[in-house]
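Subject: Structure handover

Dear colleague,

Here is the structure we spoke about, for you to open alongside this note. My findings follow below it.

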Amino acid sequence: MSLSFEGRVVLVTGAGGGLGKEYALAFAERGASVIVNDLGADTKGGGKSSAAADKVVEEIRAKGGKAVANYDSVEDGEKLIQAALDAFGRIDVVVNNAGILRDRSFARTSDLDWDLIHRVHLRGSFLVTRAAWNHMKKQKFGRIIMTASAAGIYGNFGQANYSAAKLGLVGLSNTLAIEGSKYNIHCNTIAPVAGSRLTESVMPPDLVAALKPEYVAPMVLWLCHEQCQENGGLFEVGAGWIGKLRWERTQGCTTRQKNQTMTPEAVRDQWDQVCDFTHSTKLTTVQESLQSMMTVLSKVESGHDVGTGPTAGPAAAASSSSGINPMAAVGQKLPQTTFSFSHVQCILYALGVGMSTKDPDHLRFLYEGHPDFSCLPTFGVIPSQAAMMSGGLSTVPGLDIDVTQVLHGEHYLELYKPLPTSGILTSEASIADVLDKGSGALILLDVNTYSGDVLICFNQFSVFVVGAGGFGGKRASEKAKAVVQPPQRAPDAVLVDSTTRDQAALYRLSGDWNPLHIDPSFAAMGGFQAPILHGLCSFGFAARHVLKQFADNDPARFKAIKVRFVKPVMPGQCLQTEMWKEGNRVHIQSKVKETGAVVLAGAYVDLHETAEVSVGVPQGGLQSELVFAEIGRRIKESGGELVKKVNAVFGWEITKDGKNAAEWTIDLKNGSGALHPGPNGGKADVTFTVSDEDFMDVVLGKVNPQKAFFSGKLKIRGNVMLSQKLEVILKDHARL
Ligand code: NAI
């Protein structure tokens, strides 16, 4: 599908010739209404004529396009934008292109040479863009191009004035990209190369002829299209080639010590290291830059040796004496683990979390001959924990931690299918993030557990490593599943259950062999009077209380659980689960009844709605049903917002074993959106055909959609470009 600019109003400054003219023609050809601005100056900024802009407008109109001319200087920014509003009623795209040259060797650069260049390039781009800004903000759409130059990026003899202004535009663009992003205003910078009257004095004629402006214009059009999500980028473009640039910083070196004056000699002596790019980093934000300095500051003050060695600088700030280096650790995968089980493990686990034949409705979890024999949903933590056992975390690069200092701080479990009662499950664990909590490091370990290729459940372990903080990392992560505080009112239900003296001894048989839970002398080393109950055992108690109270003990109703472990429980104590039901979420707080101490806080269980269970448990054996059910839920929650963002109808044809197995229509165009099973009667703007397995691979992020498309696994009919918008719907379900 071609990129259209129909309905868009585009201002190109300096469009009377050279690159600007080419942009104006190209935009008009694709349906845009174009303001062709040009002062008609000579290359040095002298003179004025309307002829240049008029000619381009004539050419556009002759081809049936829409254009008006504007002859103001970019120094009158407001007038240019007013011209767009007068002629077409809006402004969507500003291409800051107008330019002049006043090349001089530096010594001969006059005030005027300096000022004129800055006025046209830097100040002109500022004035035009500022005039457009509020209009773009209001309409929540804008695309801005700044035109820099290789002379600014690398320097060029005789162009001190020009290079300074051109690199100034990069700085301007960097900040506009940040300020504009929440309004869907994107600003990017290009450093073009093309034959034009500006380059004909510096390039041989053959080259001027060969480097056509039309080899640059398509790049500008792409950056200005609504589909393009690039923002804050800097690109070199010419001859049809495009490359992206970014900043790179050496690992650097701290050249001072606590209570010692920093000296030029120390700087000299470590100069090689200051400039050594071997372990360079690529920073993208001023916060990252500042954070690394702050780390050095605190390390120097605390007397840590930060003087020399490859781990001395800010880039390595993260690898403090705590042994934690998030940059090395995040994204690392742990070796895959396999868990083989039968009904025996399911029953042992149920007993471990306090189920008893005393309670008749526990029998379905305790007796394999029961007609509804099932596995407790929280058994989902068991296959995943192998990755955590035997010090697995400390083998990860960047996590040089003391395993005796590790605490399980929080846990999240989500089931995508009811757990089987026997089989072989494989788990893939990876470090999702590492946070600096000051007194310790918090490691987020994400574990996906599969039966064959089918994703069964997801666990997130929040592991606190006492004493490993202060490495200068971030404090929070969007990847963390957050705890949620319960409502203020009295609980809607309270269930109490006693644990037995041997509860931990029993629970550990499900695979958590930490001696802390059985060996008195080991517990004493950890500062406990006696072995303590496993946090995940109390977690199991709480979850089954919710299941009993609000879901009829039906494991298929269970969706997810999150808890924070606050205090230990002693085997033999009574656990009291307080519950508040809010829609499909049941908030929970667990206490030790005898002491009133809160042991699980900020916790909740999410349940599936009764009516949706049939969707939640696919009948036709299609995994994709779960994803569509989830999309349906999401549309119910925030369909109106999605309709505004997406404005399209998507058809899906899911195949299984080469045959059509299901059809879905996601309508994000009409009303507040809807998900319908079945064919769409030709309503879809774009239709995807994909097998159930490939669909899941794409959704799970195992295969990228483009790859699936090019390898023929994903077939697309209709408006291909709309598939980009699909991300808005599927992105959040990368784990489904
Ligand atoms: P050009 O000279 O063909 O086009 C520049 C246009 O800007 C001219 O038509 C001129 O009348 C107009 N202009 C000058 N001052 C103006 C003002 N105050 N208000 C409105 N219009 C004004 O040059 P070319 O090569 O097409 O350059 C376009 C942009 O690309 C410039 O910003 C230039 O610095 C930049 N650039 C070009 C390179 C190349 O290889 N052609 C290399 C690096 C940067």
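Glu582 is partly exposed, with a relative accessible area of 38%; buried means under 20% relative accessible area, exposed over 50%, and partly exposed in between (1.4 Å probe, protein chains only). This is a predicted model, in which local features need pLDDT of at least 70 and side-chain atom pairs count only at pLDDT 80 or more, while totals for chains, interfaces and linings use all residues. Residues are numbered from 1 along each chain as its sequence is written, and side-chain values use heavy atoms, with hydrogens and water left out.

Salt bridges

Glu582 meets Arg489 in a salt bridge, 3.0 Å from N to O; the term stands for a side-chain nitrogen of Lys or Arg within 4 Å of a carboxyl oxygen of Asp or Glu. Glu582 lies in strand S16 (residues 574-582) and Arg489 in the loop between strands S13 (454-466) and S14 (493-498), so the pair ties together parts that are 93 residues apart in sequence. Helices (H or I, at least four residues) and strands (E, at least two) are DSSP runs, numbered from the N terminus. Arg489 is partly exposed as well, at 35% relative accessibility.

Lys562 and Glu410 form another salt bridge, with the closest N and O atoms 2.7 Å apart, and both residues are buried.

The whole structure holds 24 salt bridges. One of them joins Glu226 to Arg8, at 2.6 Å between the closest N and O atoms. Glu226 sits in the loop between H8 and S7 and Arg8 in the segment before strand S1 (9-12), so this pair links parts 218 residues apart in sequence. Glu226 is partly exposed at 38%, whereas Arg8 is buried at 16%.

Helix H8

Helix H8 (residues 217-224) is mostly covered, with 6 of its 8 residues buried. Those residues are Ala217, Met219, Val220, Leu221, Leu223 and Cys224. They pack against elements including helix H1 (18-29) and strand S5 (142-147); contact here means heavy atoms within 4.5 Å.

A sheet of 5 strands

An open sheet has the strand order S21-S20-S19-S22-S23, with mixed pairing; two strands pair if DSSP finds at least two bridges between them. S21 (674-677) and S23 (715-718) stand at the edges with a single partner strand each, so one side of each has no neighbour in the sheet. S22 (residues 686-691) and S23 pair in the antiparallel sense over 4 bridges, and Val686 has Gly718 in S23 as its bridge partner.

Regards
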